[in-house]
Each structure stands twice: as structure tokens, then as C-alpha cells.
Amino acid sequence: MTAALSVQGLQVAIGTGASSANVLRGVSLDLQRGEVRGLVGESGAGKSMLGRAVLGLLPANAVIAAGTIQFEGRDLVAMPEPERRSLLGRRIALIPQDPMTSLNPVKRVGAQIAILLRHHLALSKRGALERAAELLAEVAIREPRRVLELYPHEISGGMRQRVLIAMAFACDPSLVIADEPTTALDVTVQRQVLQLVERLRQRHGAAVLFITHDLGVVAKICRTMTVLHAGRVLEEGETAEVLAKPRHPYTRALLAATPRADRPAEALRPVPPALIENLWSEAHRLDRLVVAGPA
Amino acid sequence: MVDLALDSALGPPSRWIAGLKRGGPRLWVGAALVGVLVLAALLAPLIALHDPLEQDLMSAQLPPAWVVGGDLAYWLGTDSLGRCVLSRLIYSARTAVAVALIAASLAAAIGIAFGLIAGSFGGWVDQATSRLIDVWMAFPPVLLSIVLAAVIGAGLTSVIAAIVVVDWTRFARVVRAETMVQLQRDYAAAARVIGLSRSGILRLEILPNLIPLVVTLLAVEMGIAILVEVILSFVGISVAGDTPTWGGMIAEGRQIVYQAPWIMALPIGCIISSVIGFNLLGDGLRLVLDPVQRR
Amino acid sequence: MRWGEIIRRLVLIPPTLVGVAVIVFVLLRVVPGDPIAMMIPPGASPADIDRLRAFYGLDQPILQQFITWFGQALRGDFGRSISVHQSVFELVLARLPATLELAALATLIAVVLGTIAAMIGIQLRGRRAEWVVDGGVGVFLAIPDFLWALILLLLFGVLIPLLPISGRIDPQIDVNFHSNFYLVESILTGRFDIANALLHHMLLPALALALPFAALVARILKTSLAEAEDQDYAQIARARGFSRPAILLREVFPNALIPTVALGGVQITLLLGGTVLVERIFSYEGIGNMAIDAVINRDFPLIQGLILTFAVLFIALNLGVDLVVTLLDPRLRHG
């Protein structure tokens, strides 16, 4: 069965010549149909870069130095632009991080959803608005018709995130990249959003790559997980196993550093700086090996 | 983090050279154009071939020397009274430079004073000053200068007064805004804690940081001053008597524009190069003095 | 809540106008220069001069003069012009439409040209050619309207004589309209031959006024487009499969319009102020041209009336621009 997403040995570098830096160092990752995989790592680990690479949204000074990205067996990198654009928003969707800045402030909510529907699904104006109302109801927004007429600044952050989730699932995608969708929300809203994503994923049968730095979120919703650091995959596997029996010292350190509600008295142990340093030296050593080429 | 106020403006010569490099081509082109203008003004008696007031009615309306009918004695031709155009252009530069330097500096001094007072005292002083500036800016600037100059009578003083009276608001607004921003910064609060008086703060902390801004405005203002002088002399209410001015030459040239277009065209060229020179110089100086600005 | 601020601005208008009037009044009378002296024929007796002075009320103390003038102004009487011997109100009203038409045409040209330049510039973003657009805009911006007027006059009036360089219309055409809005009326009544002649005369002065403003619009709009394009919602639109031109036009442009109108709209008053000289250069019969004559002739009542007119127009323009910004930005409407 073709994987929904298959990333093999992806290397992404930023900048050119002497000042270039690797952000992804040979990352490989698979996502089967309907699988929810968490992608964890600290800031700067390269998680967002991976998401952007899949969507074809790397910054102008970033280059894919090596590796492949395949969506349902099709090469995303080599694909001609118009073909990729027909996939984006439709079969491959994004749930963005910051609900406060991810919606166009001068257009009504309904209009923004409708534009998407009309572009990809060729619905009529009225049909699109109807469908938009249905989508809002699906993400548990009360009075969907009223909300359609509102501007983004007139609804709360939590509601905006739901609108963004609705837009992600609007065209029935098979792959959804969720880029830290709960980071900007407070804890109570987080729970609702996670439940929503899970419910919609089940209904549409989509695979979800859940990018986050929060292990708690991963534990709740992701069946599999990948741990990223300095652009390298350090560990991956079924979430339950990785969290119960972490193999890599970094994963163990991450777990130890996570506050736990069931053991509040336990002192937090920060990730040892020496460990981080080692990991970075290792990464740079691998860089030099790649540049030097095989012996 | 506390900003340090004293790291601007003065420093070792190596810093100066590095700073000058930041100015880029704008700085050099601007400086060159302004330099030519200033040199022409200073060396007028030495480099002008003829007395600008000397009339030679036998050689009236001669075209420039390289055109058919021109005379090598008059490189750029003559006007209706047989006066050498080139010499008149050079002597007009004197008026332009004098007006630019004096008027711009005065406008700056008055504007900065008002701006500092309004920005640092706040409260009703600020309100009153802002209202004054608003009312002042409701005037059509060109008309106001014309009115002033006409009413005061011909002469350098009236031209300078006209420019200063109209344009001090430009400095006042900007300085006021910048002062208020600076006063909110950490280092100003720190200075107050130390017990520095208000004028002490202004002198030691605020002023050095205003220098880049003021220098740029000053350069631009000089360009504007030249333009205003041109306007006033075009309308006929600038410096007294026969003193050659670019505006006056344009006005004369306008009357005979079909017969002798160069009389109008050449002063326009001088004005444009001077104004662009001052603008570029201002831009370049801004880049040199304020490295945070990167556009 | 935004509407409250507009009410506040409206309320502030009369005091501002009074302030303007006071300043002009005082300036004209305090500073040396005697209009009467300019008007009298040589050989007039001192008694005649005194009578003339009394006729125009210039022998009274300044405060008294202002009160008289203000009282009359409230009734719509702005005095009589010293040089033209007609009611100031009528004189200004007769010439105002010409200037308004010119300014409106200039603004239209400027907005169109500026928008095109900005759209071209944003398409070229990040490429070498962008520098060309930025440089061009910079040059156009540095040259003020009256210099453009002179350049255009030279280029297209004299060197390549395409267009007329003086007056509002050919002297031989008979214009018989109700109002002095010649262009508007000629179009509305289908007199396109007259409209054509008018436009021929208006094109060069309007272009002169428009070019610096167009450059300003281009620069502000392009910067705003670039900033808006970097915002999250525009980036996410790309992740939804929309093409860059579509995103620029549909998502980015409405957002970029807001700061452009806010920052650029304020500068329309500069365009209006520019009519003073540009009209003079092209001998166009509007209030700008009249203002210069009034000043040279020290025609106090006319000067006062004209400055007040300009002030009213400036204030109205600023208010109008703010209203437009409020309409464009839904965030401002709901407070």
C-alpha cells in the first residue's frame, strides 16, 4: 500500500557557499494512510522546515540538497508547479500554528472558506457558502451562518483555530500537516482542538503529521512518533513504546524534563547541556562526512 | 536589557571608515553633486567667464556654443539682455547655497527645540504644541511662503523667513515623536533613576540618538529650501534687484520658451541635480549613521 | 467607536479654521508692506490715501479689523478684492471648479500610474529588475510638481509641440455652461468636442501634479504589498494551492491598500498645494494662479479668502481620507 507521505534522506540547507547551514540532515519518515504521527523536537530542530518542504513552501534561500518527498507515490519535489498547486489545499492540507495571524483580516470568514472551496471543488457561490456552514458545524462552531458573516477579529482565538481546521479538512485531504496547532492556545482550548482533529481525521481518513514540541500532546493523539534534533531523526516508533521505553538518551532527557501532573513533587531535570553539545558535534561531523563524499 | 545611549556618533576613525562604506553609492553620488554645487557657489567669481549682470545687447538670445548660431565666448548662450547664461547659473548657485544652509539650519533649530519640549514635557505643553503644529500644517505651504515673502518684501531675509516659518513643523513633528519613543526606552528610565535632571537626560541621552535622524532631515530640508527659493524667485518675490537666481531665469525663460528654450531648461537641470544631490546625501548619511536601518 | 473620533474631528474644524484665519490676518497686517501704497496712482493726495485706507478698514486697530472681518465672514461676506474690485466670495467660487477639476484629474492619473508601477514592482520582487523600478520611482519622487510642469512644458509643449501650454481652453471656443465645472458639464451634456479641448489643456498640468504623487503612491503601495505578502495568511494561501498573482490581487492587495491610503492620502493636500505654481506655469485659470496675483498685489481680502479656501479643502481632504481608511479596514469599524 502506498504511503501517504514518504520522505527519504531529505537534506535541506539554508544560505549558500560559506555561510550555508544544514537544517535537515538526511531525514527519513513514513506516514501510512490514516496514520497520526507526531514530529517532536525543540525549537530549531527542523520540524517546521520538514513541514514546509513537504508543502513546497521553503524560504527563498533554502535548497533541497538531497533526498525525496513522495505523496502517495508521486514525487513532490520534481513535480511541475501547476500540478503541485492542484494538490495543495486539496489532497495535502495545512493546519497553521498561529490562529491570530493565519486568517486574512479584511475578509469575512465565510468568504475565505468559500474561495478555497470554489477553487478546488468548483462549487457555485451559494453552494460554497452552504458547504462552508456545514464545515463550521463540523468543527463544533455554534451558529455557523452567523460566523460566516463575521471578520476574523470578531471571533476568539479558539474559534479561529477551528475555522483553520475546518479549512484544512474542507476538500477531503489524504495528508494533513498540523504545524504546532495547539502551541498558541491555552490548555483548555488545546484539548478541544485535539479532539476535533482526531474526530475529523477519522471521518475523512486522512494521515496527519503532527508537528509539536509538547510531548503531552503527542501522547494524547499520535499513535506513532519521530524525535528530531539538529535536523536528524534520533528515534521513532509507536508512541506508547517510545514514551515508556525511550532508547536514545535525548528522548530520555526530554521525558525527564517534562512536568508530570501525576508526580508534581518531582524535581524537573533539564536536558543536560553536555548531551546537546554531543548531539550537535555529531551532526556537524556527519555534515563534513557528507561534503567530503564517500571514501 | 538596557540600551546604551552613548554608542552612537563618535568613535575611533576605523569605525568612521566602516560607517562611510555603509553609505553606498548614494552617499558618494550625493556628496559629489552637493560638492559641485557648493564649489560653484564659493568659487563663482573665479570660474564664471563673465559678469552675470553685464549686458551685451548685440549678442542677445544666443544658443549654447555647440548649437548652430552659438558663440564660443558664451558657452551656454545668452538671455534676452545678452547676459551670459553660464555665469548667471553659477552665481545663482550662491543664492541657492546661502538659502539652503541658513534656512535649513534655522528651521531645524526651531523645529528641534519645539519637538524636544513637546516630546519631553508631555501633558498640556505637548497638546498645545501639537495643536499649533496641526493648525500650521493646515496652510498650503507654497502659498504661505509666497504670502510671507511678498509681505516682508524682497531680500534674502524674507526668503529665509518664509522657508523657516513654513518648514519648522517638519522637524518638530519628527523630533517630538522620536523624543517620546526614546524617553520610553530603558536607558532613559535608568537615567532618571540615577537622578539625572530632565535637561540632563535630553542632553546626554536623547540628543545623541537624534543625530542620525536630524542629519538626514537637514539634508532633505536643504533641498527643499532650494526649491522654495526657486519658487519665490520664479514668482518674482525673492532676493532683490538683478541678483541672478535660477527661479528668475526660469521665469524669464518661460516668456521666450519657444524662441530660446535653453534659458528655461538649463536652470531646471541645475535645480534637479542639486535637489537629487541633497536627497541622496541625506539617504547616504542615514545609512552611515544609523546602522539599524536596513532597507 | 471610530465614528466618535470622526465627530470629534468635525467639531474641531471651526476652531482650526478660526486659528488659520487669525494667523493669516495678523501676519498680513503685522509684517511690513502696505497694500494701499501699491494701489494709489502717483500724485494722489494724502486725503485720498486716508480715504482709501478707511474704505478698506485698514486704519482701525487689528483686533477691530478682525472682529469686523469675522462678523462679515460668518454671514458669507468675505469682503471685496482690492485689486479686482469684486466680491471675494464670487471670485473664488468662479475659479474654484477649474482647480478642483484639475486636482481630481491629477489624482486619478496618479492613482492609476502609481498602482501600475507598484504592481510591476511587486511582481519583480527579489529580482534584479526591481532595482530599476525602485530607482525610477525615487527619481520621480525627488522632482517636485512645479519642476515637472516646467519639464513637461519644455518637452511636450515646445520641443515636441503636442499640447497647448496655456489657458484652460482655446480662446475661440465658446463655452456656455451653467457652472464653471467645464469638464464635468461638457461630458454630461455630450459636448465631447469641448471636453476634448479641455483635456488637451489640462493634460500637462495634471500630469505635472500627478507624477510626484504617483511615485509616492507607488512606493508606499509596493512596500505595503511586500509587507502584506510576508504575513502568515498570505503564506498559508500558497499552501492552499493558489498562484502568486492570484494571492497578490485577492488577498494581499486589499490589505496593502489600507496603509497606502492612510499614508498617501495625507499627501493629496500637497498635490492641491501644488496647483498654485503649476497653474501659474500653464496660465491655467484656477484659484492657484489667482493666489499668486493676489499676493503680489497685496490684496488682503482676496489672500485671506484664498488661504481659508485652501485650508477648508485640506481639512476636508484629510477627513475624507480617514473616512475611506475606516471603510477599508473592518478592524477599525468595530472599535
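The model is predicted, so local features need pLDDT of at least 70 and side-chain atom pairs count only at pLDDT 80 or more, while totals for chains, interfaces and linings use all residues. Residues are numbered from 1 along each chain as its sequence is written, with chains lettered from A and ligands numbered from 1 in the order in which they are written.

Chains A and B do not touch, their nearest C-alpha atoms being 18 Å apart. Where chain C meets chain A, 19 residues of chain C are in contact with 24 residues of chain A. On the chain C side, two or more residues each come from helices H10 (232-239), H11 (244-265) and H15 (330-333), helices being DSSP runs (H or I, at least four residues) numbered from the N terminus. H10(C) gives the largest share, six residues.

Now for helix H6 of chain C. Its 13 residues (130-142) reach 19 Å from first C-alpha to last, close to the expected 18 Å (1.5 Å times one less than the number of residues). Its buried residues (20 or more other C-beta atoms within 10 Å of their own, C-beta atoms being placed from the backbone) are C:Val133, C:Val137 and C:Phe140. Seen down the axis, they fall within an arc of 65°, so they line one face of the helix; the arc is that of the directions from the helix axis to the C-beta atoms. These buried residues pack against helices H5 (88-123) and H9 (192-229) of chain C. The face turned away from them carries C:Trp131, C:Gly135 and C:Val139, which are exposed (12 or fewer such atoms).

How values were computed
Two residues are in contact if their C-beta atoms, placed from the backbone, lie within 7 Å.
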